[in-house]
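The sequence and structure come first, my notes after.

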Amino acid sequence: MIGSGDDVNKVIRVFPHRNSFTPTDDMAFFEEPGLFIPDHDAVHVCCVFTWDIERCKKLQFQWQGRTDKSVLLDGPAFGNSGGEFIPGMYIRPGVTFTSRGCPNNCGFCFVPKREGKLRELSIQPGNIMNANNFLAESKSHRREAYDMLKKQKAIEFKGGLEAARLTDWDIEEMRGIKIRKLFFAADHDGAIPAIRKAAARLLAAGYKRDHLHCYVLIGDDMQKNEVRLLSVCEAGMMPFAQLYQPVERIEYSQEWKRFARLWSRPAFYMAKYNLRPGKAVG
């Protein structure tokens, strides 16, 4: 979204909602402008999800009435595939992206359609790795990322690692950095064998279950989704349910929302199902 002449310290960024990844500096806003606004060269209204487009259009209109500078409305919701990653601009400091796009063509995923095939980016410092498919990046690029991470603490791979691409070399590189959490992804039943294998290798390498987490896509068949969630936990990872959202937002029932909340709170689902990760369920 940044123009070639924009100074990141002089751009007001406006977001429709606040979340754990949005910036918190004095140039980040989440509502219409107040009586006083900071000196700036431009205003960028950032829209990630299509269901926020109308709110973002209203924010653009409101901010345009308070500045004689350009007010740009853009983001993934408008088909922006993303360029080079600029730390702290649209994502809070500490979060970094080493690539965009994905080489896979999963029918339920919009990433390849929006961002295209995998594109490696210049490595920027950060302890929260959020690339869509880090393990699909070239070995040389991953090596550069691991070298950067050796200077970081409390490292989390939050983008959703593809278990089938995990190599012994990656496991060894990960042993040399201060990892707090590794997030994998089990978006369909076919991912479970690779999750089991990856969990076994990582546990054997000295990781504890508290290090190993797994996003589990849900929303089609609750009984089958429950089986997949239990399978992930049985393998030795902590599942984290994510309700599927296509481009056009789905409004799920309260039953589905309760199910998703249960499976996003480890203490609750471990107690409810009497689970012990790494051991057989039952």
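I count a residue as exposed when its relative accessible area is over 50%, as buried when it is under 20%, and as partly exposed in between. The model is predicted.

Entry 1, helix α5.
I started with the length of α5, residues 192–204. At 1.5 Å a residue, its 13 residues should span 18 Å, and I find the end C-alpha atoms 18 Å apart, which agrees.
Next I asked which residues of α5 are buried. They are I192, I195, A198, A199 and L202. An α-helix has 3.6 residues a turn, so residues three or four places apart point the same way.
What do the buried residues of α5 pack against? I listed α4 (168–175), β10 (179–186), β11 (212–218) and α6.
After α5 comes G206, and I noted its positive phi, near 110°.

I then took α6, residues 222–235, and α7, residues 254–262. Their axes come within 12 Å and cross at roughly 0°. An angle under 35 degrees counts as roughly parallel, and α6 and α7 are therefore roughly parallel to each other.
Which residues make this contact? From α6 I listed M222, N225, E226 and L229; from α7, E255, W256 and F259. Sorted by class, the residues of this contact are 4 nonpolar, 1 polar and 2 charged.

On the α3 side, K139, R142, R143 and Y146 make the contact; on the α4 side, W169, D170, E173 and M174 do. By class, I get 3 nonpolar, no polar and 5 charged residues for the contact of α3 with α4.

I located R55 in helix α1, residues 53–64. Is R55 buried, exposed or partly exposed? Its relative accessibility is 32%, so R55 counts as partly exposed.
Leaving out residues up to four places away in sequence, I find R55 touching P16, F30 and E31. I also looked up the separation of R55 from R119, which is 64 residues apart from it along the chain. The C-alpha atoms of R55 and R119 are separated by 31 Å.

Most residues other than glycine have a negative phi.
A154 is not a glycine, yet its phi is positive, about 50°. I place A154 in the loop between α3 and β9 (155–161). With a relative accessible area of 30%, A154 is partly exposed.
N274 is not a glycine either, and its phi is positive at about 50°. I place N274 in the segment after α8 (266–273). At 54% relative accessibility, N274 counts as exposed.

Conventions
Residues are numbered from 1 along each chain as its sequence is written. This is a predicted model: local features need pLDDT of at least 70, side-chain atom pairs count only at pLDDT 80 or more; totals for chains, interfaces and linings use all residues. Side-chain values use heavy atoms; hydrogens and water are left out. Axes are lines fitted to C-alpha atoms, for helices over the stretch in contact, and angles run from 0 to 180 degrees between N-to-C directions. Helices (H or I, at least four residues) and strands (E, at least two) are DSSP runs, numbered from the N terminus. Angles under 35 degrees count as roughly parallel, over 145 as roughly antiparallel, 65 to 115 as roughly perpendicular and the rest as oblique. Contact means heavy atoms within 4.5 Å. Ala, Val, Leu, Ile, Met, Phe, Trp, Tyr, Cys and Pro count as nonpolar, Asp, Glu, Lys and Arg as charged, and the others, Gly among them, as polar. The expected span of a helix is 1.5 Å times one less than its number of residues. Buried means under 20% relative accessible area, exposed over 50%, partly exposed in between (1.4 Å probe, protein chains only).
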